[in-house]
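Work through the exercises below with the sequence and the structure at hand. Each task is followed by a solution in steps.

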Amino acid sequence: MFSNDSSDMLDEEGAYYAPKRLSLIASVSKAVSWLVLLVYLLGVIFSVYTIVGETQSGAFHPDPYTYISIVATLITGVVYFLLLQAFAIGINVLMEIEFNIRARKGASS
Amino acid sequence: MTNELVRAQIFNSMELKETDELLAIWTKNDHDEWGSDTFDIIHEILEKRIGQVPPQDNPIHTQEEDMDDEEEEEEDDDSQTIFYNPDSLMWIADLTSIFAWVFGLVNLAQAVYYITLAISQNQFTNLNAVFAIVLAIGRGIFYFLVLKGVSAGLYILMEFEFNSRNAK
C-alpha cells in the first residue's frame, strides 16, 4: 500500500502518537467505508426487490414516501462512505504534514 | 501533486496580493525568485484587474543553468506524496460537496412530503407530524453543513500539506 519510504517513516515513533496505529486506523476506515456502502446498497436492492414482488402480487400501492425512502437510504450510504473516506484521507494528510515538519526540523538542526 | 493543483495554489496566493505588488514582481521579472508559471499567472491576474499589462524589464536569470536541473528534481519531489494521493483527495472532496446538496435536497423532499401529508390530513396540531417535518429539515441542514465542512477541510489540509512541503 505504501512505498518503502513510508514504511521507514511509519517506524519512526512520534512523541504523542504511533504512526503505524494511525495508519492502521486510516486503512480500517477505508475498508469499513466500502463495507458500509455495500450494506446500504444491499438494503436498497432488497427494498426494490420487495417492491417489485409486492407490485406483481398486487399488494403494493405506489406511495411517494417509499421512493423517497429508497433514494434517501442510498444517499445515506454514499454519505457515510464519503465521510469515512474523508476521515481516512484526512488522517493520512495530517501524517504527511507531520512528517514534512519533522523532516524540516531534522534538516535545520 | 498535479500541475493544475500547483497552478491553482500559485494563482490563489497571487490573487491575494495587491495590484502594486504584482506590478512590481511583473516588471522586475526576477526568474531567480519566481517561476515562469508564476509570471503567466501574474499576467493573467493583471490583465483582469488593469486591462493593459506594462512591459517587463530584462529577465533576471543568474542561476538559470543550475536551476533547470534543480527545478526538475523539485517538481519530481512535488509530485510525490507518501501517504495520500492528492487526486483521490480532490475526488472525495468534490464528491462530498456535491452530495451535501443531494442529501440536503432529499431531506427537503422528505420534509415537503410530510408537510403535504400534514396538510391533507390536517395534522398540524399533531406533535409527531410537526416533529417529523422539523427533523427532516434539521437533518438536511446538519448534514449539508457537515459535508460542506468536510469538503473544505480536506482542501485546507491539502493546502497545509503543500505549504509544509515547500517549507521543507
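The model is predicted.

**Exercise 1. Describe the make-up of chain A.**

Solution. Begin with the secondary structure: chain A has 3 helices and 0 strands. Along the sequence this gives the pattern α-α-α. Next, take burial: chain A has 109 residues, and 35% of them count as buried. Then take the surface, where the accessible area of chain A is about 6,600 Å² and carbon and sulfur atoms hold 67% of that area. Last, look at the contacts in chain A with a separation of 6 or more: 76% of them join residues 24 or more positions apart.

**Exercise 2. Determine how helix H2 of chain A is oriented relative to H3(A), and sort the residues of their contact.**

Solution. Step one is the geometry: helix H2 of chain A covers residues 19-57, and it packs against H3(A) at an angle of about 170°, with the axes 9 Å apart. Step two is the class: angles over 145 degrees count as roughly antiparallel, so H2(A) is roughly antiparallel to H3(A). Step three is the sorting, which gives 25 nonpolar residues, 10 polar and 1 charged in the contact of H2(A) with H3(A).

**Exercise 3. Carry out the analysis for a pair that spans two chains, helix H3 of chain A and helix H5 of chain B.**

Solution. As to handedness, H3(A) passes H5(B) in a left-handed crossing. The residues of this contact comprise 22 nonpolar and 5 polar, with no charged ones.

**Exercise 4. Decide whether B:Phe99 is buried or exposed, and list what B:Phe99 contacts.**

Solution. First place the residue: B:Phe99 belongs to helix H5 of chain B. Its relative accessible area is 17%. Buried means under 20%, so B:Phe99 is buried. Now set aside the neighbours within four places in sequence; the contacts of B:Phe99 are then A:Ile75, A:Val78, A:Val79 and A:Leu82 from chain A, and B:Leu147 from chain B. Finally, compare sequence with space: B:Phe99 and B:Lys148 are separated by 49 residues in sequence, and their C-alpha atoms are 8.9 Å apart.

**Exercise 5. Classify the packing of helix H2 of chain B against H3(B), and name the residues that meet.**

Solution. Start with the geometry: helix H2 of chain B spans residues 19-28, and its axis comes within 10 Å of that of H3(B), crossing at roughly 135°. H2(B) and H3(B) are therefore oblique to each other. The crossing of this pair is left-handed. On the H2(B) side the residues are B:Thr19, B:Leu22, B:Leu23, B:Ile25 and B:Trp26. On the H3(B) side they are B:Phe39, B:Ile42, B:His43, B:Ile45, B:Leu46, B:Arg49 and B:Ile50. By type, the contact holds 9 nonpolar residues, 2 polar and 1 charged.

**Exercise 6. Find the helix that holds B:Thr38, and state which residues B:Thr38 touches.**

Solution. B:Thr38 sits in helix H3 of chain B, residues 36-50. With a relative accessibility of 7%, B:Thr38 counts as buried. Once residues up to four places away in sequence are left out, B:Thr38 touches B:Ile10 and B:Met14.

Notes. Residues are numbered from 1 along each chain as its sequence is written. Chains are lettered from A and ligands numbered from 1 in the order in which they are written. This is a predicted model: local features need pLDDT of at least 70, side-chain atom pairs count only at pLDDT 80 or more; totals for chains, interfaces and linings use all residues. Side-chain values use heavy atoms; hydrogens and water are left out. Axes are lines fitted to C-alpha atoms, for helices over the stretch in contact, and angles run from 0 to 180 degrees between N-to-C directions. Helices (H or I, at least four residues) and strands (E, at least two) are DSSP runs, numbered from the N terminus. A crossing is left-handed if the near helix is turned anticlockwise from the far one by less than a right angle, and right-handed if clockwise. Ala, Val, Leu, Ile, Met, Phe, Trp, Tyr, Cys and Pro count as nonpolar, Asp, Glu, Lys and Arg as charged, and the others, Gly among them, as polar. Buried means under 20% relative accessible area, exposed over 50%, partly exposed in between (1.4 Å probe, protein chains only). Contact means heavy atoms within 4.5 Å. Accessible areas come from the Shrake-Rupley method with a 1.4 Å probe; for residues, only the protein chains shown count as cover. Angles under 35 degrees count as roughly parallel, over 145 as roughly antiparallel, 65 to 115 as roughly perpendicular and the rest as oblique.
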